[in-house]
Structure formats: structure tokens, C-alpha cells
Amino acid sequence: MSADGDVDRTPSERADVCVVGAGPAGALVAHRLSARGYDVVVLEAGERFDAADRPERMERAIRPGHDPLEVWDMGGTRDAYTADGERFYPLNAGRVKGVGGTTLHWQGMVMRFHERDFELRSRAGVGRDWPIGYDDLRPYYAEAESELGVAGADDNPFAPPREEPFPMPAFRPSYSDSLFADACEELGIAMHSVPNARNSEPYDDRSECVGYGTCKPVCPSGAKYSADVHVRKAEREGARVVDRAPVQRLVHGDDGERVEAAVYATPDGREHRQEAREFVLAAGGVEIPRLLLLSKSEQYPDGLANSSGAVGRYFMDHLFAGTSGRLGEPTRQNHVGFVTSESHQFYDDGDADVGAFKLEFLNYAGPSPVELALSGDEWGDDLLGSLRGAYGDHVAVGGLVGQLPRKENRVTLDPSTTDDHGNPVPRIRWSLDDRTKRTIRRANEVQRSILEELGAEVGTVVGPTSTGPAFHHMGTTRMGTDPSESVVNPRLRTHDLANLWIPSSSVFVTGGALNPTLTIAALALKAADHVDEAL
């Protein structure tokens, strides 16, 4: 028994599959394989959060006395990291360790990658082509939309082809969307709805969205999808999920061809070996390469599955570009906590000089009434007067910009700093290429034109020098057909070990400029089918 009550964290005697990580990829793999009758064990580094605590976590996000990392109990020695390179990378600001992973605090936008995203080298002459295409993932995209529960409409003229209807109708455009629509019509810019992994009507035994407006970092109602949904489904099918069980290393057999066990730690200070026939790594684009590097051996001195030297390299993220201002009339901002309208009009125009970007018409521009009220020392009528003068007329257009895969952007180990188990922490080296900077500038130009057409007074611009990451960790165990330059094959199995699989954004060859979670989910379902075939 463990040190925290009656939770049994000892290894299962028999396991067909050991999954590392209980975020969206791990949860979907565990559910699909356990539903097919396999014995599945999931090892999760973080804790199992009680859904009843979500209103209290929402308060942590709102009240100024709490650090943002406290919302989901991040930080400390367990989550230590270092960063160097051109840009500091604030890793902990965008991740959650726990059952559900980063879907506990994500925004919830889920769109399919465009066909062009899989063929960037062929179409734009930069980056690399994926060894699979849109058609290979198309059926898995449809399954992923059904599993997560996606509210959307087939009104995006720039989206890749689809035949299947969305599981739920799209959310209605917000009031500020209607203001933007007039300006975009004058400029010839098409607006369309955003597929969201949140319920626009009751779905999968979860309520429809009730409008708390705190979607990121916490949805108290459970209307927004989080991966603990599929963890519970997997457990009902017989899977075993062990929380607070960080995997320290993977151990391979004498021939070096198969993984034998995942060695994990428990809160009582002990280490255990979980053996299995197949192993699936689903711990994200930073912790997966870190685990492989920590698992070095005499046969694999540079890290497990790293004969190519690509483990940890080609780290990519999406960059934020934004322009905001004030309109001088009510815009009803901060009434909706998520994005309801976008434009992909400029997405497929990218070439060797300027890349893809999408536009997001933000529903949370400017400070909220709570933020304004708590930022000063006014009370009563004075506070009410200030709120009326400072709140409600803000507008903003955001956007995501992709960056190219480059070897020098990478995740390595930093032996000078160790975690709570004495392991070297991840070190992130991150920089932006000139093409990415040009793309951000181009996005800013389009955003400014929209605000000026709207009649807004342009204020803050988030451009190439002030941009930050979207915390979409991609590329660190890239997919490919050549074992000398990639980590996994098109079936998501590592080239070096016959029973080690990675369904993660870490296998992305390029990152596009669209939120990656639906593609992660599609890859997870694809990988589960291949693991099933192997078993």
C-alpha cells in the first residue's frame, strides 16, 4: 500500500499494454484497447483531481492572491525545468500534470489540419513532408470528433474536405463577432465558426456549456471536454489507472529490441517495475523525449529510440500574434470565455517567405469587471463609475503562427538541475526563424486593417519581439520512413524498438498553425489500432 491511504500503486501482475500519461492521447488509447479486451495499465505522473473541486480552482484563477500555477497545483521541484536560447520558454505556464493532462485547462478549439500541412515541402519548398497525408487521418479525425464531442458547422470554405456532420451544432457567433463581421465584409475577409470541444447541447452524459467564462484555465461544469472523461470510460472497461506514479525510465531486454518494463516511483519513496507486452508513450512533447533520454543504456548511450539523434530535436510551437484596441461603444467582451469565430483565409497562402496563420476574433479582449475591481482600491459608486468608464469597449483579433522545424530547437537534459527524484530536468532551447517573424508581422498587418475598418483605436500589438508560445509542444520525436532521421514510423511505432509506440504531437513533422489536439486524438486512435494489430 502507498503512503497516502489505501491506494494500491504496486504493479499489475499482467498487462498487455502500459500507457505512460493520462492526457488525451493516453486516455483515448487506454479506452480503445481496454474496450477490445486487453489488460491496460496507465501510469500518470500527477494526481487524480476531484471534479467537485473545480469551482474552488476557478476561484484560484480569478482571485489575485493566487499564482496561476496554483490553479492546477503546478510548480516546485517536481516540475522544475531550465530554458536557454534566443527566447525563454515558460514551460510550466502551459501544462498540467494530472489525470486529464493539459485538457484540464486548455481552450478547447479543435480543427483538422489542412491537407497542405502534411505536404509543406512539396507545396511551399520549406520544412518536411509528413509520411502520411490528410486522407490517412480523415477517418480518425471523424472518430476523434465523436469521442471528444465537437460543436461545429461546415461553414469554413478553407477547411479540408469532410463528409461527416459535427456531433453538435456550432456555438452562435458572439456580439463582438457581429461587429467584426461588418468590417471583414468590407475588407473581403471571410469569417466562419470555430469547432469547439465543448457541448453546445447535452452530449455524452455531460451538460451543455453554462457560460462560466473561465474555460481557460478551468471549466467547472464539465461541458468542455477533458481527458479524464476517457480515463473513466477506460476504467469501466477494466483499465487500471495509477496516479502519482512518474515513470523514471524504460528498461529494454538484453537484445535491445523490446521494452521490458517501465520503472516508476510512488509517493512512499519506492520504485516499481511495470512489465507489459506493448508500451505507449503519451506524456507530451517535452516529457516524452526527456523520458527517452533518461532511459539511456549501454546499448543506447544517447537515449532510448534515439539511433537517429532526433529525440528532443525539431521542437516547435505556435506563436501568438495579436492586435487590440478600443471601439468607443459596448462590445460585450468577457461574456464568452472561448473563441466562436475565426478566419482561415490566409492559411493556405503561405510560401517560402511567409507561413500559414489563422485569425481568431477574441471574445475576451481587455480586463474583465473582476480584474478591474480587484486592481485598485475604489469602492461603491467610485468603483462603479470606473467600471463603466473602463470596461466593455475593448476589441482584439488574435492569431496563431507556425514555425519551421529546426534541429537547434530542442529538448535536452540539464544535469545541473534535478527534480524531486534526482533526475535531470528538461532543458528547452528555443528560437524563432526569420520566416516565422515575417509571418507574425503579416498577421499583425491584417489584424490592424480589421480594427481600423471597425473604427477602433489601435492599442497593443503583440508582434515578433513580444510574442509568446501557445504551449503546443511538437516535433521532438518526429515521424518518418527513414530511421536515420526520424524516431517513429507512420504506424507510430519507434524504429528502434518493436513494442514502443508514441501517439503525440511530438511526432508532428511540421506544426501548421492550427491547434493540435484533434490531430493528437486522431493519431492516438490510429496508434491504438496498430497496437491492437501487434497484440
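The legends below describe close-up views of charged side chains in a predicted model.

**View 1. A salt bridge joins Arg14 and Asp39.** The closest N and O atoms of this pair are 2.3 Å apart. Asp39 is partly exposed, because its relative accessibility is 32%. In total, the structure holds 42 salt bridges.

**View 2. Arg138 and Glu163 meet through their side chains in a salt bridge.** The distance from N to O is 3.8 Å. Arg138 belongs to helix α4, and Glu163 to the loop between β4 (151-152) and β5 (168-169), so this pair ties together parts that are 25 residues apart in sequence. Arg138 counts as buried, at 16% relative accessibility, whereas Glu163 counts as exposed, at 69%.

**View 3. Glu271 and Arg249 form a salt bridge.** Their closest N and O atoms are 3.1 Å apart. The pair links distant parts of the chain, with Glu271 in strand β10 (residues 271-275) and Arg249 in strand β8 (residues 247-252), 22 residues apart. Glu271 is partly exposed, with a relative accessible area of 44%. Arg249 is also partly exposed, with 33%.

**View 4. A network of salt bridges links seven residues: Arg78, Asp79, Arg95, Lys97, Glu287, Arg290 and Asp419.** Side chains of opposite charge can pair when their charged atoms come close.

**View 5. A patch of negative charge lies on the surface.** Glu115, Asp135, Asp136, Asp348, Asp349, Asp351 and Asp353 gather in this patch. Asp136 is in helix α4 (residues 134-148). Asp136 counts as partly exposed because its relative accessibility is 42%.

Conventions: Residues numbered from 1 in each chain as written. Predicted model: local features only at pLDDT ≥ 70, side-chain atom pairs only at ≥ 80, totals over all residues. Heavy atoms only, no water. Patch = residues over 30% accessible without salt bridge, like charges linked within 9 Å, V, L, I, M, F, W, Y side chains within 5 Å. Areas by Shrake-Rupley, 256 points an atom, 1.4 Å probe, with all protein chains shown as cover. Salt bridge = Lys/Arg side-chain N within 4 Å of Asp/Glu carboxyl O. Lys, Arg positive; Asp, Glu negative; His and termini not counted. Charge placed at Lys NZ, Arg CZ, Asp CG, Glu CD. Helix = DSSP H or I, 4+ residues; strand = E, 2+ residues; numbered from the N terminus. Buried < 20%, exposed > 50% of the residue type's maximum accessible area, 1.4 Å probe, protein only.
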